[in-house]
Amino acid sequence: MACRVALVRQAIGNRGVERNCRRLVQTQSLAEIEEKTEWKPRTGGKKSGRNFIDRMRCTAIGGSGGNGCVSFFRDVFVPRGPPDGGDGGSGGDVWLEADSSETSLSCVKQWLKARPGSNGRGKSMHGARGSDVTIKVPQGTLVREIPSESKEASAVTLDRGTDRSSRFLSELEEQMARRTDDKAALFVHYPRWEERNDLSDVRLPAEFKAFRWAMAHAEPLSADLTVHGQRLLVARGGLGGMGNPHFIAADDRQPHYALRGLVGQTRVLDLELKTIADIGLVGMPNAGKSTFLRAVSNAHPKVAAYPFTTLNPYIGTVTYDDAAQVTVADIPGLVPGAHRNVGLGHAFLRHVERSRVLVFIVDVSRPEPWRDLQMLRDELDMYRAGLSARPSLVVCNKADAGGVARRNFEAWRLIAPEQALVPVSAMLGKNIRKATHAMRQMLDQSCQSGCM
Ligand SMILES: Nc1nc2c(ncn2[C@@H]2O[C@H](COP(=O)(O)OP(=O)(O)OP(=O)(O)O)[C@@H](O)[C@H]2O)c(=O)[nH]1
Ligand SMILES: [Mg+2]
């Protein structure tokens, strides 16, 4: 019975159908089940890992501030009361927050917009502040602003197409330009008072000027979100406009104008994910990296007997007897010429670039496995000079693969006696403890020497 269920699972390729299958197996033959089952292997979607994104460009736009209100107190027998227009609420801010449960930038949208503040109202009612937007990004996300005058940012601006957000952005820019050139455009006027209002002597509030100055002189953003919960303000919401009571002056007790809210900050950002793991696994396709990660940690990356099974990085946590935990990153395999984009290229190496220790997984059953190691080291150096000089350990996997593996291993030991080689069989779980112990030792040594 159990054997039949296993067969059905294999045939249909979906673990979720096991319960249904058990029921079906009792009454029907395997052929009938295969014919009638409508389950299909899942393709695409977040869980299949095809949505993995580790580099992207997005635009963050703070919410616009609400306008101040022009209003006057009115009551029975009070036909010309004092000004009582409320201030507009500030626009919401856009934040990025590092979250350990996120593994990819696929959750980040291209346009990150916060809500605008509400306009002020009569009877001194101030507008509500626009709500902030917080976007969760994986730990290890590098944030870099592309200055608006740079070619790259203008390319983004030109390439907006007909998207609604792009039109929105163009409108914002137009508004901004209008408001900086024309003082009158900074104000809202009482109905039919536009011509009568003389704004030449009106002094803008200091808070308003300070905000505009801060926006104009903001430093280009550059940050690294490494710690869970770390937050970064990427676009400030615009300041809310001031209501007409702010403009009462000795010669004008009844100002018929109020300040408009300012548009929020707009920033074009480059996000790059560089996974943070203590140890990085590097190897050729099919060397057994994922099998090794499964054997040493709690991760369950896919394992199969064809190259490039792993298409995006996986992180596993190794827990030692003393409860110490070490994170290990498995990345897609490297082939000769990866630096020329052969195979999956070497772009995924950015995910082990921050690892303090590298573990080379070499298939010892292949002829002359030491050449594979040399190729891996060369590819690392071609990605980033000196990367292969990082503290490393060589794990000779598939040591269970008969006499070939044993002979290769012995030959390797003679060729490079100084090389630390750990023979393991990740599939059978042989010598895994020795490998994890060696990994921990290397990590401790690298911590002591402060190497990174
Ligand atoms: N005999 C033997 N086979 C192994 C061992 N480790 C892994 N394999 C087999 O090697 C094949 C590839 O294993 P994976 O773990 O998917 O290899 P990988 O390096 O992650 O491959 P990519 O993800 O394609 O880069 C699978 O069929 C494994 O069962 C081992 O210790 N001994
Ligand atoms: Mg793999």
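Let me start with His126, which sits in the loop between strand 3 and strand 4, where helices (H or I, at least four residues) and strands (E, at least two) are DSSP runs numbered from the N terminus. What I am showing is a predicted model, in which local features need pLDDT of at least 70 and side-chain atom pairs count only at pLDDT 80 or more, while totals for chains, interfaces and linings use all residues. Residues are numbered from 1 along each chain as its sequence is written, and chains are lettered from A and ligands numbered from 1 in the order in which they are written.

Is His126 buried or exposed? By the definition used here, a residue is buried if 20 or more other C-beta atoms lie within 10 Å of its own, exposed if 12 or fewer, and partly exposed in between, with C-beta atoms placed from the backbone. His126 has 20 C-beta neighbours inside 10 Å and therefore counts as buried. Leaving aside residues up to four places away in sequence, His126 touches Gly86, Asp87, Gly89 and Gly120, a contact being two C-beta atoms, placed from the backbone, that lie within 7 Å. For Gly89, the separation from His126 is 37 residues in sequence and 6.6 Å in space, C-alpha to C-alpha.

Ser124 lies in the loop between strand 3 (111-113) and strand 4 (133-138), and its phi is near 60°, a positive value in a residue other than glycine. Ser124 is partly exposed, with 16 other C-beta atoms within 10 Å. Arg192, in the loop between strand 6 (187-189) and helix 6 (206-216), is not a glycine and yet has a positive phi of about 65°; with 8 C-beta neighbours inside 10 Å, Arg192 counts as exposed.

Now to the chain as a whole. Its secondary structure comes to 10 helices and 16 strands, and 38% of its 452 residues count as buried. Among the contacts with a separation of 6 or more, 73% are between residues 24 or more positions apart.

On to strand pairing, which requires that DSSP finds at least two bridges between two strands. Strand 14 (residues 357-363) is largely enclosed by the rest of the structure, because 7 of its 7 residues are buried. In a regular strand the side chains alternate between the two faces of the sheet. In strand 14, Val357, Val359, Ile361 and Asp363 point one way, while Leu358, Phe360 and Val362 point the other way, and all are buried. What are the pairing partners of strand 14? Strand 11 (residues 279-283) pairs with strand 14 in the parallel sense over 5 bridges, with Gly280 standing opposite Leu358. Strand 15 (residues 392-397) also pairs with strand 14 in the parallel sense, over 6 bridges, and there Val394 is the bridge partner of Phe360.

Strand 1 (residues 55-61) runs antiparallel to strand 10 (residues 266-273), to which 7 bridges join it, and Met56 has Leu271 in strand 10 as its bridge partner. Strand 1 also runs parallel to strand 3, joined by 3 bridges, with Thr59 opposite Trp111.

Two helices deserve a slide. For helix 9 (residues 402-415), the 14 residues should span 20 Å at 1.5 Å a residue, and the end C-alpha atoms are 21 Å apart, which agrees; the expected span is 1.5 Å times one less than the number of residues. The buried residues of helix 9 are Ala405, Asn408 and Trp412. They cover an arc of only 65° around the axis, which puts them on the same side of helix 9, the arc being that of the directions from the helix axis to the C-beta atoms. Helix 8 (369-383) and strand 16 (421-423) are included in what covers these buried residues, whereas Gly403, Arg407, Glu410 and Leu414, on the other side of helix 9, are exposed.

Helix 10 (residues 432-448) has 17 residues and reaches 24 Å from its first C-alpha to its last, close to the 24 Å expected. Ala435, Thr436, Met439 and Met442 are buried in helix 10. Their arc around the axis is only 120°, which puts them on the same side of helix 10, while the face turned away carries the exposed residues Arg433, His437, Asp444 and Gln448.
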